[in-house]
Amino acid sequence: MKSLGLIIAVLIGAAGVLSIAGWWIGPQLVHIALFDDQRDQPYLLLDFAKTAEGNGEDYLLSHYQQPLTGLITSEGGVAVGAYTLVQLLEGTRADEWSHLNNFHLSRAQDIAQVMTSSPYRLIANSGQVDNVTLGHFSAQPVRWRAGLVIWLVRNSENAAVDNLAPVLTTLSGTPGQLVWDKAVHIYHREQSWDRLVVLDFPSAEDALSWIRDPEVATARVIAGAKARRSMVAVYGRADRR
């Protein structure tokens, strides 16, 4: 694989051609590859994916998830966990990402090595799989339990610093725990999320039981009123094939 600097230089110089081709590397990718002071730090990468209508789970696994995992591990990354969507509770049909994969990279800038490579463009731009990739710095791989509540938020301009506080306080006395709460970097698809919150539970059933509780439902309404947009979904651990 070509050196990172050469790849980025070529891509920036050919930005017009790339945009015509329908592939946009995005300013966040360029920033973390070349300018971010933490680009040599370890990194959490989450990839949400789904297939086009007519393609099933086997297609996604064989034509996207397995090649993506191989590509990331070839750059020294680790496949930490794989999850499938159990239920989308808030959001639009576009937010129904059927698969979620958790990767850990030894260096944040390795994202650019992966996402500017020909193999990645081949699997991500096939027209048969749609995905959104996001991440943040993480010193260690984050190994979550079997059930997840994923909360993506785009805050209102006048939102409180912690608009999810009413929701998170309801975790007390439950088997759930807050395991991730960070701003997010978005790659590959234009998205406008400000914050990712992950709650993990012993099972997807435990996660569903918690989020369907009337007290939590009320707290979600309060939180939603302070956000421009929210995506809330429950995922369950999948056997990686």
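The structure described here is a predicted model. Q177 belongs to strand β6, which covers residues 177-183.

Neighbours within four places in sequence aside, the contacts of Q177 are R145, L171, V198, L199 and D200. Of these, R145 is 32 residues from Q177 along the chain, and the two C-alpha atoms are 9.9 Å apart.

## Overall composition

The protein contains nine helices and nine strands. Of its 241 residues, 49% are buried. Counting contacts between residues at least 6 apart in sequence, 82% link residues at least 24 apart.

In soluble globular proteins, nonpolar side chains tend to be buried together. The largest nonpolar core in this model has 24 residues, and the members that touch the most others are Y43, L45, I111 and Y187. At least two core residues come from each of α3 (27-34), β1 (43-51), α4 (57-74), β3 (99-105), α5 (110-115), α6 (118-124) and β4 (129-137). Helix α4 gives the largest share, five residues. A separate core of 23 residues includes L46, W97, W180 and I186.

L45 illustrates the packing in the largest core. Beyond its neighbours within four places in sequence, L45 is in contact with I72, N101, N102, F103, L105, I111, T133, L134, G135 and Y187. Two of these partners, I111 and Y187, are themselves listed with L45 among the core members that touch the most others.

## Two buried serines

S138 sits in the loop that runs between β4 and β5 (147-155). Its relative accessible area is 8%, so S138 is buried. The S138 side chain reaches the backbone oxygen of Q140 at 2.8 Å. Leaving out residues within four places in sequence, S138 is in contact with P42, Y43, L44, H104 and W180. Among these partners, Y43 belongs to the largest nonpolar core, while W180 belongs to the core of 23 residues.

S230 lies in strand β9. Its relative accessibility is 14%, so S230 counts as buried. Residues up to four places away in sequence aside, S230 touches E90, G91, W151, L152, V153 and W193.

## Helix α9

Helix α9 spans residues 214-225, twelve in number, and extends 17 Å from its first C-alpha to its last, close to the 16 Å expected at 1.5 Å a residue. At the start of the helix, a side-chain oxygen of D213 comes to within 2.8 Å of the backbone nitrogen of E215.

Which residues of α9 are buried? They include V216, A219, R220 and A223. Viewed down the helix axis, the buried residues of α9 fall within an arc of 105 degrees, so they line one face of the helix. P214, V221 and A225 are exposed on the other side of α9.

The buried residues of α9 pack against several elements: β2 (78-90), β5, α7 (165-168), α8 (204-211) and β9 (227-237). Strand β9 is also where S230 is found.

Conventions
Residues are numbered from 1 along each chain as its sequence is written. This is a predicted model: local features need pLDDT of at least 70, side-chain atom pairs count only at pLDDT 80 or more; totals for chains, interfaces and linings use all residues. Side-chain values use heavy atoms; hydrogens and water are left out. A nonpolar core is a set of buried Ala, Val, Leu, Ile, Met, Phe, Trp, Tyr and Cys residues joined through side-chain atoms within 4.5 Å. Buried means under 20% relative accessible area, exposed over 50%, partly exposed in between (1.4 Å probe, protein chains only). Helices (H or I, at least four residues) and strands (E, at least two) are DSSP runs, numbered from the N terminus. Contact means heavy atoms within 4.5 Å. A polar contact is a pair of N or O atoms within 3.5 Å; within protein, one must be able to donate a hydrogen and the other to accept it, and residues adjacent in sequence count only if both atoms are side-chain atoms. The expected span of a helix is 1.5 Å times one less than its number of residues. The arc is that of the directions from the helix axis to the C-beta atoms.
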